[in-house]
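These are my notebook entries on a structure that I looked up piece by piece. I write each term's cut-offs beside it when I first need it.

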Amino acid sequence: MNDVSPSVLRSGQLDDGARRLKGQGIHNLGYRGWSGQLASGWTRWLVIALVVIRRSWQNTWLKRILFFAWLPTLWFGTGLFLWEQASNYPEWRAIVVPLTRGLPRTPVMEELIAALRIDDMAGQRHLAWGWLLKSFFRYPQAFLMVLMVGLIAPPLISQDIRSRAFLIYFSRPLTRTEYVIGKLAGLWAYLAMISAIPALVLYVMGILLSPSLDVIAATWDFPLRIAAASFVLMLPTSALALGLSSLTQESRIAGFAWFAVWILGWFTYSAVTSAQSFNSQSRFHDRNQIVEPVESAWTHLSLYHTLGRVQNWVFGFSDLSDVVWSIVILVVLTTGSLVILFRRISAPMRV
C-alpha cells in the first residue's frame with residue numbers, strides 16, 4: 001500500500017522541477033545580477049556619443065559635407081605655400097601680387113600687399129597666416145557648419161521626447177549631465193572634423209611647405225588660436241541646436257528653426273547695413289585699425305557675424321574691448337540653450 005507507482009513519482013518530480021523553474025525563470029521580476037563586463041562610470045556619456053556618431057554616419061549628405069569640408073584646405077594651403085615661397089624667392093612675387101587683386105581691400109590686405117612690395121614678407125608672416133586661417137574658419141567652414149548641424153542635431157532630442165526614451169535612459173545609472181554631454185560630444189566630433197582638425201592639418205601643411213622650419217618660431221601660437229576658434233564655433237552652435245531640438249517632438253520643426261535663425265539673421269543684418277556699405281570705404285584710411293563689415297553696430301542681429309567677430313579677436317584682428325558684447329551674447333545664448341535643454345529632458349520625470 002505504501003508503494004508509489006513510477007508514473008506518480010515522475011509526476012511529482014516534474015511538479016517540483018516546475019516550481020523551481022518558476023522561481024528562477026523568466027517570470028522572476030526581482031533583481032538579477034549583471035554578468036557582463038561593467039564600464040567605468042566616467043565613460044557613461046561616451047555610450048550616448050557613440051550612438052549619435054554611428055546613427056549620424058548613416059546620412060549620405062553628411063558624408064558629402066565632410067568631403068567638401070576638406071577641399072578648402074587645399075586652397076588655403078596653396079596660399080600659405082605661395083606666401084612662403086615669395087618670402088624666400090623674389091621671382092615668386094610676380095605670381096603672388098596678381099592673385100591679390102581680386103581680394104577685398106581691407107586694411108589687412110593693404111598691409112600684406114605693402115609687405116610684398118617692400119620685401120617684408122617674413123616680418124608679416126604672422127599676419128598672413130592668421131588672415132588665411134581666420135578666413136578658413138570664417139567662410140567655408142562656417143557655412144558647412146550650418147548645414148552639418150542642421151542634419152545631425154534636430155532629431156537628437158526631439159525623437160527622445162516623442163518616444164519618451166528618457167524613461168529608459170534615466171532608469172539606468174545615467175545622469176542628465178552625462179546624457180547632455182554625450183549628445184554634445186557626438187555633435188562635437190563631427191564639428192571638429194570640419195573645424196579644428198582640418199585647420200590643424202592646414203597649419204602643418206604650411207610648415208611642411210615652407211622652405212625653412214624657422215616659420216615655427218613665428219607661428220607657434222596658431223594651434224592654440226585654432227583650438228580657441230573651434231571652441232567659439234562649436235559650443236554656442238551645438239547648445240543652440242540641441243536646445244531647439246528639445247522644444248519640439250518633430251525634428252523637422254527643430255531643423256526649420258535652426259536654419260531660420262541663421263538665414264533670417266543674415267538677411268536682417270544685410271538689409272540694415274546696406275546703407276552703411278556706401279560709407280565703409282571712407283574708414284579704410286585708418287591703417288592702425290582693422291575694419292571689416294562685421295564691425296558694424298548691427299553685427300549682433302546675425303549669429304553668423306557675431307561668431308565671426310569673436311573669431312577675428314581670437315586670431316588677433318581686433319581688441320577685446322571690441323568684442324565684449326559679442327562674447328556676452330554668445331555666453332547668454334549658450335547658457336539659455338542649456339537651461340532649456342535640461343528642463344525639457346527633466347520634464348518626463350516630473351509627470
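**Entry 1: terms and ground rules.** I began with burial: a residue is called buried under 20% relative accessible area, exposed over 50%, and partly exposed in between, with a 1.4 Å probe and protein chains only. I noted that this is a predicted model, in which local features need pLDDT of at least 70 and side-chain atom pairs count only at pLDDT 80 or more, while totals for chains, interfaces and linings use all residues. I also noted that residues are numbered from 1 along each chain as its sequence is written, and that side-chain values use heavy atoms, with hydrogens and water left out.

**Entry 2: the whole chain.** I looked up the helices and strands, which are DSSP runs numbered from the N terminus (helices are H or I with at least four residues, strands are E with at least two). The protein chain has 15 helices and zero strands, and 42% of its 351 residues count as buried. For contacts, meaning heavy atoms within 4.5 Å, I found that 76% of those between residues at least 6 apart in sequence join residues at least 24 apart.

**Entry 3: aromatic rings.** Rings of Phe, Tyr and Trp (its six-membered ring) pair if their centres lie within 6.5 Å; planes under 30 degrees apart count as stacked, over 60 as edge-to-face and the rest as tilted. Searching the whole structure, I got seven aromatic pairs. In one of them the ring centres of Phe-137 and Phe-315 are 5.8 Å apart and the planes stand at 45°, so I recorded the pair as tilted. Phe-137 lies in helix α6 (residues 125-152) and Phe-315 in the loop between α14 (303-314) and α15 (324-350), so that the pair links parts of the chain 178 residues apart.

Entry 4: Ala-199 lies in helix α10 (residues 196-208), and at 0% relative accessibility Ala-199 counts as buried. Leaving aside neighbours within four places in sequence, I listed Leu-133, Phe-136, Phe-137 and Ile-226 as the contacts of Ala-199.

Entry 5: Helix α2 (residues 44-57) has 14 residues and reaches 21 Å from its first C-alpha to its last, close to the 20 Å expected at 1.5 Å a residue; the expected span is 1.5 Å times one less than the number of residues. Which residues of α2 are buried? I found Ile-48, Ala-49, Val-52 and Ser-56. They cover an arc of only 100° around the axis, which puts them on the same side of α2; the arc is that of the directions from the helix axis to the C-beta atoms. The face turned away from that buried side carries the exposed residues Val-47 and Arg-54. The cover over the buried residues of α2 includes α3 (60-88), α6 and α9 (176-194).
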